[in-house]
Amino acid sequence: MTTRRISMVAAAAVLALGLSACGSDDGGSDGGADGGSGLKIGIKFDQPGLGLKVGDQYTGLDVDVAKYVAKELGTAEGDITFVQSPSAQRETLISSGQVDLIFATYSITDARKEKISFGGPYFIAGQDLLVRADDTSITGPDTLDGKKLCSVTGSTSAQKVKDKVAGVNLVEFGTYSECLAALLGGGVDALTTDDTILAGYAAQEANKGKLKVVGAPFSEERYGVGLKKGDVALCEKVNAALKKMVEDGSWQKAVDANLGPAGYKAPAGNPPHPRRLLLIDSSDVCRPLPRERAAHPVAP
Amino acid sequence: MLETLSNYDVAAAVWVTIQLSVLSAIGALIIGTIVAVLRVSPVAVLRGIGTSYVNIFRNTPLTVLLTLCVLGLSLLVGLQLSQDLSKDAFRWAVVGLSAYHAAFVCEAIRSGVNTVPAGQAEAARSIGLTFAQSLREVLLPQAFRGSIAPLGSVLIALIKNTTVAAVVGVADTAKLLATITENEGAQLGVFFVIAMIFVVLTLPIGVLATSLSQRMAVKR
């Protein structure tokens, strides 16, 4: 009796933990997984220039690429349901089927490829520095000696800059907004994360002319399209759509419209060349790992 | 899951949580006692100051308070407690946690003071003790005994609230969890282990507070 009661309590505790772990993904769970021609696409809701929700409007590079790919997959703009995909929940959203595709500054990494598959990349970003427009003393990661730096608590960018710059004087906040306030107020000298995110902030109406992206990226982040692990057919369709988007100029238009206003130029490697795309998708991204091919046979 | 954790310095993160907890607890007890004395003092102005302190800090969300400390006071106003920003954030977090929990400590102690019959205070004053003497010799010793149980609750709340310090970048257990989640994706097992760490930290305090409050109870 006692053991049973204890195990019930334990089960309840585990359940409660599970609930708290996925408590904030409230936007997406409406209706069936593959209801008709509609697509459920995960984006960021709070990243100006990339994925931003204002009222019921969605703007940003991720959103534009998502709309283009959806169109190529046969889904009209009105049939897309955008779902908020915070960084920590992206793998879960895909593997549980709550979203079909994710365009959310989603860097392709080996750790993530174990859980999901990636199409793309559709953009090569890099970690960079955002400084005040009149600051000429910071030109890259080598000039950070004695400077105060800001990033988001526990983020990849924060971890990388610690490895890259020995003895960096780094303060971390929960969101970029606090870093931005500190930067504008002179409390810190630079804000570091992906250059796309920085360009998005610099291009915001309130910050125009006050901030600039240094333009010396010191990492390579390949933004991919997250999709269900091993779904090669979907992955290849996505890549064909991305290739077409680059070739017909829509890609450049989307980059200029969303990240251009701050004078940001896409770093070297962009646009991800169609040949490079093909190279990656045939050997790297779209294909499941060899040992899984046997378990889940898919068309070659 | 254990493999995941073995790649990270869990001990260092837990140590930061313990340091935050101990330092903030000491700070909160000192400030809280002072504010409690203000709140029961015979001078109306001092009582007003004590009441305002409790109302301001008890009703401010801790996240806001800590962000205000590090972003506002340290970075924007320039009241830095260290040139090293991570040390600065840690020290400001201790200040913020102390100031916030002092309000709750104050109320716990005041509730203890209220358990001392008014007659005792009157008797203390009538045998010629000053207000300070009657506080020190008669009221506070009994008040602390009566407030051990609520103080235990405040201490437990404080330990759990140290996780909020991660929003200003203090490298505590909560930040470790944020880092692991960023690198490896959200994992139920890791959440569970972190939750267990806090249970291990707080459970003994609860047990101790209960047994102490029974043992030290003023027999009336």
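Me: Which helix of chain B has the lowest mean pLDDT, and which the highest?

Reply: A general rule before the case: where pLDDT is low, the predicted coordinates should not be read in detail. This is a predicted model, and among the elements of chain B, helix α1 (residues 2-6) of chain B has the lowest mean pLDDT, 76. Helix α3 (residues 44-58) of chain B has the highest, 95. Chain B as a whole has a mean pLDDT of 90, with 99% of its residues at 70 or more. As for the model's overall scores, ipTM is 0.78 and pTM is 0.76.

Me: How many helices and strands does chain B have?

Reply: Chain B has 10 helices and 0 strands. Going along the sequence, you read the pattern α-α-α-α-α-α-α-α-α-α. The C-alpha atoms fill a box of roughly 70 × 45 × 25 Å along the principal axes. Of the 220 residues in chain B, 43% are buried. Now take the contacts in chain B between residues at least 6 apart in sequence: 77% of them join residues at least 24 apart.

Me: Now for sheets. What should I look for in the pairing of strands?

Reply: Strands of a sheet pair through backbone hydrogen bonds, either parallel or antiparallel. For an antiparallel case, look at the open sheet of 3 strands in chain A, with the order β2-β3-β4. β2 (46-47) and β4 (57-59) of chain A stand at the edges with a single partner strand each, so one side of each has no neighbour in the sheet. Strand β3 (residues 51-54) of chain A pairs with β4(A) over 3 bridges, in the antiparallel sense. To find that pairing on screen, pick Lys53(A), which stands opposite Tyr58(A) in β4(A).

Me: Where can I see mixed pairing?

Reply: Chain A has an open sheet of 5 strands in the order β5-β1-β6-β13-β7, and its pairing is mixed. The edge strands here are β5 (80-84) and β7 (117-125) of chain A, each pairing on one side only. One parallel pair is strand β1 (residues 39-43) of chain A with β6(A), over 2 bridges. Gly42(A) has Ile102(A) as its bridge partner in β6(A).

Me: Which way do the residues of β9(A) point, and are they buried or exposed?

Reply: In a regular strand the side chains alternate between the two faces of the sheet. In β9(A), Lys148(A), Cys150(A) and Val152(A) point one way, Leu149(A) and Ser151(A) point the other way, and all are buried. That gives 5 buried residues out of 5 for strand β9 (residues 148-152) of chain A.

Me: Which strands pair with β9(A)?

Reply: Strand β10 (residues 169-173) of chain A pairs with β9(A) in the parallel sense over 5 bridges. Ser151(A) has Glu172(A) as its bridge partner in β10(A). Between these two strands the chain crosses through helix α5 (residues 156-164) of chain A, and this β-α-β crossover is right-handed. Strand β11 (residues 190-194) of chain A also runs parallel to β9(A), joined by 2 bridges. There, Leu149(A) has Ala190(A) as its bridge partner.

Me: Why does Thr105(A) count as buried?

Reply: Thr105(A) counts as buried because it has 25 C-beta neighbours inside 10 Å, and the cut-off for buried is 20 or more.

Technical notes:
Residues numbered from 1 in each chain as written. Chains lettered and ligands numbered in written order. Predicted model: local features only at pLDDT ≥ 70, side-chain atom pairs only at ≥ 80, totals over all residues. Buried ≥ 20, exposed ≤ 12 C-beta atoms within 10 Å, placed from the backbone. Helix = DSSP H or I, 4+ residues; strand = E, 2+ residues; numbered from the N terminus. Pairing = 2+ DSSP bridges. Right-handed = clockwise from strand over helix to strand, strands pointing away. Contact = placed C-beta atoms within 7 Å. pLDDT = per-residue confidence, 0-100.
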